[in-house]
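This report describes the architecture of one protein, from its overall fold to selected side-chain arrangements. The sequence and structure are shown first.

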Amino acid sequence: KNYTLVDTTHFHKVIEGMYMAVNAAPGTGGTARGAFVEGLEICGKTGTAQNPHGKDNAVFICFAPRENPKIAIAAYIENAGFGGTWAAPIASLMIEKYLNGGTSRPEVEKRMKEAKLIQNVPVKKR
């Protein structure tokens, strides 16, 4: 176990919020809905980190399953934009592969593999 100075009575609120960000019904405001995987209780938080040198960086931190977590991931995709668009789906594919031995969302996997995110990186002229 890892201990923190945060009172454990607050943990359930944070976990519930992270759970709802991923698992809330579509259209109800869950920014991490792109990480939803049927049958897995993924809890996560998206983020978009400002980048003064290019497009914003996409961020997603998560763990699964909700009770007795077996995996935690922090995905940081440089120059990719919103965390919910890129980092959340990528991290959820990794969680799904780790926990289930494979993925069940070929359309998500295809979109992530075919993304041309490197084109968003600014090139310095010499």
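Against which strands do the buried residues of H1 pack? They pack against strand E1 (43-49) and strand E2 (57-64). The model discussed here is a predicted one.

## Overall architecture

The protein contains three helices and three strands. Read from the N terminus, its elements follow the order α-β-β-β-α-α.

Along the principal axes, the C-alpha atoms occupy a box of roughly 55 × 35 × 30 Å. Of the 126 residues in the protein, 36% are buried. Among contacts with a separation of 6 or more, 45% are between residues 24 or more positions apart.

## The three-stranded sheet

The strands form an open sheet in the order E1-E2-E3, and their pairing is antiparallel. E1 and strand E3 (71-77) are the edge strands, each of them pairing on one side only. From one strand to the next, the twist averages 10 degrees.

E2 and E3 run antiparallel and are joined by seven bridges. Within this part of the sheet, Ile 61 has Ala 74 in E3 as its bridge partner. As a general principle, the strands of a sheet pair through backbone hydrogen bonds, in either a parallel or an antiparallel manner.

## Helix H1

Helix H1 covers residues 11-23, a total of 13 residues.

Which residues of H1 are buried? They are Met 18, Tyr 19, Ala 21, Val 22 and Asn 23. H1 packs on the sheet, where it touches E1 and E2. The direction of H1 makes about 75 degrees with that of E1.

## Helix H2

Helix H2 comprises residues 83-100 and lies across E1, E2 and E3. Its course runs at about 30 degrees to E2.

## Aromatic side chains

How many aromatic pairs does the model contain? With ring centres required to lie within 6.5 Å, the count comes to zero.

Arg 66 lies over the face of Tyr 19, at 4.3 Å from the ring centre. Tyr 19 is also one of the buried residues of H1. Likewise, Arg 111 lies over the face of Trp 86, with a distance of 5.2 Å from the ring centre.

Notes: Residues are numbered from 1 along each chain as its sequence is written. This is a predicted model: local features need pLDDT of at least 70, side-chain atom pairs count only at pLDDT 80 or more; totals for chains, interfaces and linings use all residues. Side-chain values use heavy atoms; hydrogens and water are left out. Helices (H or I, at least four residues) and strands (E, at least two) are DSSP runs, numbered from the N terminus. The expected span of a helix is 1.5 Å times one less than its number of residues. Buried means under 20% relative accessible area, exposed over 50%, partly exposed in between (1.4 Å probe, protein chains only). Contact means heavy atoms within 4.5 Å. Rings of Phe, Tyr and Trp (its six-membered ring) pair if their centres lie within 6.5 Å; planes under 30 degrees apart count as stacked, over 60 as edge-to-face and the rest as tilted. A charge sits over a ring if NZ of Lys or CZ of Arg is within 6 Å of the ring centre and within 35 degrees of the ring normal. Two strands pair if DSSP finds at least two bridges between them. Axes are lines fitted to C-alpha atoms, for helices over the stretch in contact, and angles run from 0 to 180 degrees between N-to-C directions.
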